[in-house]
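I opened a new page for this one.

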Amino acid sequence: MGTSATGCRHRDRTWRAVPAGLALIAGIALALTGVVAASDEAGRRPISPSGQVGTRLAVPSTALVTAQQDLESPARLLDRLASRRADASRISVVRVDGGPVFVGIARRADEASYLSGTGVAHADFRLSPVGVRYAPVAAGRRVESPTHEGIWVAWSVGSGARTLTWPLRRGGWDLVVMNADGDPGVDVRLSVDTPSWPRWPVLAALLSGGVLLAAVGLTVLHDAPPDRLNPYGGTDHIR
């Protein structure tokens with residue numbers, strides 16, 4: 001019994017084309033995943049025309065308050081791919097006029113007692129754009145500088161950009177942003193993020209790996225053209 005040379009070439013071509021096609025598809029999928037993840041990564045830190053990072057929030061209130069659960073923005077695509085869970089929030093804030101700003105974390109009951117009788121704005125960073133609702137108080141009382149209070153478990157104060165990293169805990173915790181002197185009228189640029197891990201090298205690996213895999217698949221497919229018909233209508237056999 002003989003074996004057709006054409007059949008051998010066909011089987012060889014099939015064995016090369018199938019993994020090459022799979023490599024091409026996998027490479028394209030990997031590269032597209034990298035592009036989407038990179039786009040998501042870049043879009044999470046909005047930049048103003050002046051080059052400042054964060055969302056501008058201008059409120060007439062004494063304080064801008066955010067509950068801990070309202071700081072938890074949706075997980076990024078790359079975090080989900082890497083099975084990384086956000087266990088901390090990084091808050092960056094700067095006053096628009098460059099003056100001293102205060103950012104601190106306190107228990108909700110302590111914060112409510114300190115700001116009782118004042119105008120407060122509540123922000124929710126889970127929404128896009130950031131949702132803000134006001135709790136105005138007519139002729140609200142003035143408060144002392146927040147730095148004079150002993151209610152803060154973490155805080156930062158000063159001119160320019162201030163950054164505070166808060167490890168998320170169980171319980172009722174609030175983020176409070178105020179002018180350092182306690183005056184009403186908070187006008188800041190504020191961003192909430194998760195502490196960095198080396199995301200961009202991973203994104204670069206996804207993109208380069210996808211492109212390389214797709215290129216290998218294309219090369220193998222290109223080097224395995226379909227059989228041409230035998231112009232003499234003959235059939236070769238190997239015995």
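Here are my entries, in the order I looked things up.

**Entry 1, before anything else.** I noted that this is a predicted model.

I went to the largest nonpolar core and found 23 residues in it. Which of them touch the most other members? I wrote down Leu64, Phe125, Val177 and Leu190. Next I checked which elements give two or more residues to this core: they are the strands S2 (55-59), S4 (88-95), S5 (101-107), S6 (120-124), S9 (162-167), S10 (173-179) and S11 (186-193). S11 gives the most, with 4 residues.

How many aromatic pairs does the structure hold? I got 4. I picked the pair of tyrosine 114 and tryptophan 152, which is edge-to-face. Their centres are 6.1 Å apart, with 90° between the planes. Why does this pair tie together parts that are 38 residues apart in sequence? Because tyrosine 114 lies in helix H3 (residues 108-114) and tryptophan 152 in strand S8 (residues 152-158). Buried or exposed, I wondered, for tyrosine 114 and tryptophan 152? Both are buried. I also saw that ring pairs link Tyr114 and Trp152 with Phe102 and Trp155 into a cluster.

Last, I looked at arginine 169 and found its charged end over the ring of tryptophan 173. The charged end of arginine 169 sits 5.5 Å from the centre of that ring.

Terms used: Residues are numbered from 1 along each chain as its sequence is written. This is a predicted model: local features need pLDDT of at least 70, side-chain atom pairs count only at pLDDT 80 or more; totals for chains, interfaces and linings use all residues. Side-chain values use heavy atoms; hydrogens and water are left out. A nonpolar core is a set of buried Ala, Val, Leu, Ile, Met, Phe, Trp, Tyr and Cys residues joined through side-chain atoms within 4.5 Å. Buried means under 20% relative accessible area, exposed over 50%, partly exposed in between (1.4 Å probe, protein chains only). Rings of Phe, Tyr and Trp (its six-membered ring) pair if their centres lie within 6.5 Å; planes under 30 degrees apart count as stacked, over 60 as edge-to-face and the rest as tilted. A charge sits over a ring if NZ of Lys or CZ of Arg is within 6 Å of the ring centre and within 35 degrees of the ring normal.
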